[in-house]
There are 2 protein chains.
Amino acid sequence: MLDYRKIHDSLIPDAEEKERLATIVSKIIREVDAEIKSRKLDASAELVGSLSKGTNLKNGDIDVFIVFPRTLSREEIVKHGLSIGHKVLPKALERYAEHPYVYGFLDDTKVDIVPCFRMKPNEKIKSAVDRSPLHTKWVRENTDDKLRFEIILLKGFMKGIGVYGSEVAKGGFSGYVCEILVIKLRTFLKVLELFASSEKRLSFDDSIENGKDDSLVLSDPVDPGRNAAAAVSRHNLAKMRILSREYLHESSEEYFHGLPRREPSHFDRGTVFRIISIDRPDMIDDIIFPQIAKFRKIIIQECEEGGFNPIDSEVLASDKIHLLIELERAIRPTFRVHEGPPGDSGETLKFLDKWSSDNTIRGPYMRGERPAVEIPQEPEFDKFILPALLQKDIGATLNTLKGSIRVGGINNSRAHKEIMRKYLSRNLTD
Amino acid sequence: MLDYRKIHDSLIPDAEEKERLATIVSKIIREVDAEIKSRKLDASAELVGSLSKGTNLKNGDIDVFIVFPRTLSREEIVKHGLSIGHKVLPKALERYAEHPYVYGFLDDTKVDIVPCFRMKPNEKIKSAVDRSPLHTKWVRENTDDKLRFEIILLKGFMKGIGVYGSEVAKGGFSGYVCEILVIKLRTFLKVLELFASSEKRLSFDDSIENGKDDSLVLSDPVDPGRNAAAAVSRHNLAKMRILSREYLHESSEEYFHGLPRREPSHFDRGTVFRIISIDRPDMIDDIIFPQIAKFRKIIIQECEEGGFNPIDSEVLASDKIHLLIELERAIRPTFRVHEGPPGDSGETLKFLDKWSSDNTIRGPYMRGERPAVEIPQEPEFDKFILPALLQKDIGATLNTLKGSIRVGGINNSRAHKEIMRKYLSRNLTD
């Protein structure tokens, strides 16, 4: 039997961190309130997020919302919110996700200052972040020490196996989803049992219509028509199911701190690695990562259709965006087989009018019930993939950077070493 | 407009051949009848086949049937039939298709002597060949000079494009099918028009139940429940459709004498050719060819499943059976990706119990919604294919010759040169 108290304590901030967080929070709230007063605004600073709920893991962020009345316009609250944020957070940066906000670092802790509209339960939201204060309130009202203990374990487990985090790039479980799950099922282990035993779509509420295509459906208690778990990808749901099953079969503290990772072996794989890189645009991950995912998907598809037999791929966004792809080979035949219409179609006339032994490598000949010809193609992967990618739509931002696309082998650079290590040591938590 | 009279005359035996055939036929019939008399049998010699119908192409065979009463047993007619055959044909050989018979050569012309039972129309057959005399009779009663002229053109066209011949290995159109088609549609061109314009299954009689899976259904006039065209393969039906269309679009004498064949080019295909050979058993083609076809199918399937990306293949049955296969490569990765059950299945426990980083090259890792591992495999084609084939059922006869299977590259032998030429110069008539 594991010592869950010990595990819990290893997951939350220690005394020193707690004190530091408390100091920063009271300073921020005080200064934001002072700014509100001096601007004569009808607004208030509120600590939201897991810290305010007592369900925060160590090394977390601080989220402070400035709640404005609904009578103001979106432009006004953004203007005031950003300006107050910059005043309070020296050297702060702005981010434009679905909603603009300011973030910066105080004493090595990341602080977000986010303007939002005041909202009551079931009221129509004006901005995606407006629900956060309501979420905070609901969780606080429905948890006690026991449940917070279980929430910490669940968050720690999910973080350890790599399914925690609701950022677009991650497609994981948000802290709020962990909280709802524990409040509903009462313990960390009961939540794992549910994932371990469930099949197909995992739905807590079949009445949510817009959740039909989501793999996990969990009604948001403060807005029951909304699927709070919509961001969870099928990949992460599968990971959670598989590793819940493994954990219940044989539990271990390792799950909370990252499963051991094998050393990349120097086994000769008999394959070819190529790296395709493109400049990294100066934008936030939530905007870039979906485009990187699209870029990756297009590359894999081109490799498959081109007959280069891709095995697997890896992405690394560092100075540039690097896409590693492992191919069964980087040279394909100098021709491809092009099949015509079936024998019972009158269209064979057109096909055979177009193709004759004058413009083919071999054929026309019969391939089963169809005429077929062999026509030349570029055999080298590097020469094939670049023009193919230039013709594709790889997302609004990446499209403007197509000129920076490079294709080549693995070199000794830090980025290439890192992406190879990531690829070769991949485990179930990736 | 083509000179069909000239084409017709080029397809049939010339005066010298006609005279030779007449001499051989009368000699055989006379000698068989003498043997029947001396053995006091109630039997008669009958010339059957296209020669007796006046629809024979040049360089054809002579088919003489010895028709026995139905009161005899199968063993008796075979015994008498073979013994008479050997008496009449010096150096004759026996063949055991569905029915045993004797064949030999007289004056460079092949002669078959086949015992059969006397049969009336619609009577139940005792042996597959019993229908032949009835077919001969029906065609003679339903043709005149004009129709025989058209039949010769159709047979010549089908022979020229490689779809003529009802042997099992060929899967083509028999002479009898050509005759029925012309008798039904009256001209060679009308038959081509039907094939050129028809779609899907080509049926003249939907009442034939056992013809449901055949691609072409043509009721046998002397046994209406039988599909006379059952032997026609989908491949040959497609060929006939495509080339009928081409011919009607732009006719040419070439179709009757074999379409021109390109010279095999020395273009670098960027592929690998392998030849798999096995001893040729001393049996007739009708028995061996289905097994060769099976052998070929198994090899292609193994190449596909093994990831060697087969492009196409060719068979040559000379001193040995040679199977040529063109692969995109003869070396594959040193490992294969083995996917486990999906995340929502409890079976992932068993999979992850079996596979760990101790016995895999990479993984277990997540591949979409499934755990996956990479496990070693033999990378070389030659070392992979031989043991794989030894485990397969390749037909009763070839199974006994598995020890003779060899795998290798192309050498300078006559057989290898011939199979390569056959492969590289393949056209629509193959």
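Guide: Let us start at a strand pairing, where A:Asp220 stands opposite A:Asp223 in β9(A). Please keep in mind throughout that this is a predicted model.

Visitor: OK, and how many bridges join β8 to β9 in chain A?

Guide: Two bridges join strand β8, residues 219–220 of chain A, to strand β9, residues 223–227 of that chain, and the two strands run antiparallel.

Visitor: What about β4 and β5 in chain A, which sense do they pair in?

Guide: Strand β4(A) pairs with strand β5, residues 109–117 of chain A, in the antiparallel sense, and five bridges hold the pairing. Within that pairing, A:Val102 has A:Ile113 in β5(A) as its bridge partner. These two strands form a hairpin as well, with two residues between them, and A:Asp107 in the turn has a positive phi of about 55°.

Visitor: Is β4 in chain A mostly covered or mostly open?

Guide: Strand β4, residues 100–106 of chain A, is mostly covered, with six of its seven residues buried.

Visitor: Let me switch to helices. Where is A:Glu35, and is it buried or exposed?

Guide: A:Glu35 lies in helix α2, which covers residues 15–38 of chain A. Its relative accessibility is 14%, so A:Glu35 counts as buried, the cut-off being under 20%. Setting aside residues up to four places away in sequence, A:Glu35 touches A:Ile84, A:Lys87 and A:Val88.

Visitor: Now A:Glu302, why does that one count as buried?

Guide: A:Glu302 counts as buried because its relative accessibility is 10%, and its place is in helix α11, residues 285–305 of chain A. Apart from neighbours within four places in sequence, A:Glu302 is in contact with A:Phe384, A:Ile385, A:Ala388 and A:Lys392.

Visitor: How far is A:Glu302 from A:Thr143?

Guide: Their C-alpha atoms are separated by 51 Å, and the two residues are 159 residues apart along the chain.

Visitor: What about A:Phe204, where does that sit?

Guide: A:Phe204 is in the loop between β6 (202–203) and β7 (216–217) of chain A. With a relative accessible area of 27%, A:Phe204 is partly exposed. Once neighbours within four places in sequence are left aside, its contacts are A:Leu181, A:Lys184, A:Leu194, A:Leu216, A:Val217 and A:Leu218. As for A:Ile287, that residue is 83 residues away from A:Phe204 in sequence and 30 Å away in space, taken C-alpha to C-alpha.

Visitor: Zooming out, how many helices and strands does chain A have?

Guide: The secondary structure of chain A comes to 15 helices and 16 strands. Along its principal axes, the C-alpha trace of chain A spans about 85 × 55 × 50 Å. Of the 430 residues in chain A, 53% are buried, and among contacts in chain A with a separation of 6 or more, 65% are between residues 24 or more positions apart.

Visitor: There's a chain B too. What rotation superposes chain B on chain A?

Guide: A rotation of 180° with 0.0 Å of shift along its axis superposes chain B on chain A, with an RMSD of 0.1 Å. The two copies are therefore related as by a two-fold rotation axis. In chain B, the C-alpha nearest the axis belongs to B:Arg329, at 4.5 Å from that axis. Both copies use the same surface, as 100% of the contact residues of chain B recur in chain A.

Visitor: Last topic, what lines the largest cavity?

Guide: The lining of the largest cavity consists of A:Arg262, A:Glu263, A:Pro264, A:Ser265, A:Phe267, A:Arg269, A:Leu424, B:Ile361 and B:Arg362. By class, that lining has four nonpolar, one polar and four charged residues.

Visitor: And what volume does the largest cavity have?

Guide: The largest cavity has a volume of about 50 Å³, and the count of cavities of 30 Å³ or more comes to one.

Technical notes:
Residues are numbered from 1 along each chain as its sequence is written. Chains are lettered from A and ligands numbered from 1 in the order in which they are written. This is a predicted model: local features need pLDDT of at least 70, side-chain atom pairs count only at pLDDT 80 or more; totals for chains, interfaces and linings use all residues. Side-chain values use heavy atoms; hydrogens and water are left out. Copies are superposed by least squares on the C-alpha atoms of residues with pLDDT of at least 70 in both. Contact means heavy atoms within 4.5 Å. On a 1 Å grid over the protein atoms alone, a cavity is a set of points where a 1.4 Å probe fits but cannot get out, and a pocket is an open set with protein on both sides within 12 Å along at least five of seven lines; lining residues have an atom within 4 Å of a point. Grid points are joined across faces, edges and corners, and a volume is the space filled by probe spheres set on the points. Ala, Val, Leu, Ile, Met, Phe, Trp, Tyr, Cys and Pro count as nonpolar, Asp, Glu, Lys and Arg as charged, and the others, Gly among them, as polar. Helices (H or I, at least four residues) and strands (E, at least two) are DSSP runs, numbered from the N terminus. Buried means under 20% relative accessible area, exposed over 50%, partly exposed in between (1.4 Å probe, protein chains only). Two strands pair if DSSP finds at least two bridges between them.
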